[in-house]
Amino acid sequence: NCFVPVSEIIAVEETELNKKQRNIGRWQKMAKLHAFTVYYVKKARNHRWRCSDVTFWCVDEHLCNQWIQALKELLEMQKSRPKQLLVYINPYGGKRQGKRIYEQKVAPLFSLASISTDVVITEHANHAKDNLFEVNIYKYDGVVCVGGDGMFSEVMHGLIGRMQKDSGIDQNNPKASLVQCNIRIGIIPAGSTDCICYSTVGISDPVTSALHIIVGDCQPLDVSSVHHNNTLLKYSVSLLGYGFYGDILKDSEKKRWMGPMRYDYSGFKTFLSHHYYEGTIAYQPTKHTHGSPRDKESCRTGCNICKKSEKQLAEQNKEHGLKHEEGEEEWKVIKGKFLAINAVTMSCACPRSPKGLSPAAHLADGSADLILVRKCSRFDFLRYLVRHTNQDDQFDFPFVDVYRVKRFQFTSKLSEDNESNVMDIGKKRFGQFCRDHPACCCNIVNSTWNCDGETLDSSAIEVRVHCQLMKLFARGIEENCKVEAAYSQSSIEQLL
């Protein structure tokens, strides 16, 4: 027997029994059979979902119609389910399979669930972002992006920007309280890494993601805004990386002809170069923190830490509204030489790193985990990188510090941004700091910020985490996803 909640039934349809079905056992002597098929979510191992179905039949037409009507009424009561979606497909991302994946694997499921779609095939960079400022987004129950993390970032920027524009919010003001986006985003993975999908669903699988959209799952998501000199640079939902990950991205962009292999090549090259950068970091720790980056409490479906943050956010908005001002809390300052500076608002898990950069990071707790990897030997840095791929505590090194923060600011000592007004840090110009490694003969004066796979022009930035600014068609990573037994014919007969 198999128990399926109504919330995971996809559709109910009247069914015509074929000749083979009519001749089964006890039914072969009956003149007329009436049947209906229930399509439902079947959960498998490794967080994979599939569409399964079971057909019920009987000789009483009235009884059959009663079942169909009752089940359809129950489905209509699922108000969180989308009826109309706006779909953007990137035909060039990943292995250029986005259009095929959508048409063959996703569109039939949307049709089965009676979801109407408006599909836009993107033709150039920022096509989806620009289009979101023009269309009537309020007639849709959600926006779906078919592609990789870059495609999601484009849709996210367009949606957040549109919401702030319609609400009269200045995005360039780093102190502005942004309006929450209640229009959910669905991600159909078709890229190279699909880190965001993996970290919020547990697997990068188009069918699984499509089923999460169909059943109307909702997962709030923190978003970090990145500013420089009162100008918005980007929004980030996964990784902000300076030093090691920034250098990898900058070098790999010159080798796009290599395909996905460019990341391995650039990563190895960057590791050997062993560049470090000197700078100053100022951060505000999270207030009333629930949990820490060093604990073992991972973010999972129904996460208590994220629920507490949601409750606090609701009370805060109810008391102060959107215009509430954050108190000037104490800033803590750290100066040093760093091989890597990483800030993550989710675990950043992917198939190569199942735990991610910060295994205990939460999707919707209003904070980011700030990870500082200080200057160390190549061997020690390699030990740190290897721990991303196993179960050992990757923060258990004397040269690694991690903090749970809600805001932080960074200025490179080598930055040429003399006009930076970020905490008045780094006002002076310094010479190149490569003298400790004269043999490297490098001419790098600054690293690059890697913002969700895109480079930022400025090294001096101010980052603020906006609690639960976005919502996804997801439910977080489920615990112990088990294979469920299929319906047996005897149980179906007993039910009827």
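I take a nonpolar core to be a set of buried Ala, Val, Leu, Ile, Met, Phe, Trp, Tyr and Cys residues joined through side-chain atoms within 4.5 Å, where buried means under 20% relative accessible area with a 1.4 Å probe and protein chains only. The model is predicted, and local features need pLDDT of at least 70, side-chain atom pairs count only at pLDDT 80 or more, and totals for chains, interfaces and linings use all residues. Residues are numbered from 1 along each chain as its sequence is written, and side-chain values use heavy atoms, with hydrogens and water left out.

I looked up the largest nonpolar core, which has 66 residues, and found that Tyr88 and Phe152 touch the most other members. Helix H5 (residues 149–166) contributes the most to this core, with seven residues; helices here are DSSP runs of H or I, at least four residues, numbered from the N terminus. Because domain 2 (79–217) and domain 3 (227–314 + 330–419 + 443–465) both give residues to this core, it lies between them, with the bounds coming from an automatic or database domain assignment.

I then listed the contacts (heavy atoms within 4.5 Å) of Phe152, leaving aside neighbours within four places in sequence, and they are Cys145, Ile185, Ile187, Ile196, Leu221, Val237 and Leu472.

Just after H7, Gly216 takes a positive phi of about 75°.

Last, I checked Asn131 in helix H4 (residues 127–132). Asn131 is buried, at a relative accessible area of 15%, and touches Tyr88 and Val120, not counting residues up to four places away in sequence.

Conventions
Buried < 20%, exposed > 50% of the residue type's maximum accessible area, 1.4 Å probe, protein only. Helix = DSSP H or I, 4+ residues; strand = E, 2+ residues; numbered from the N terminus.
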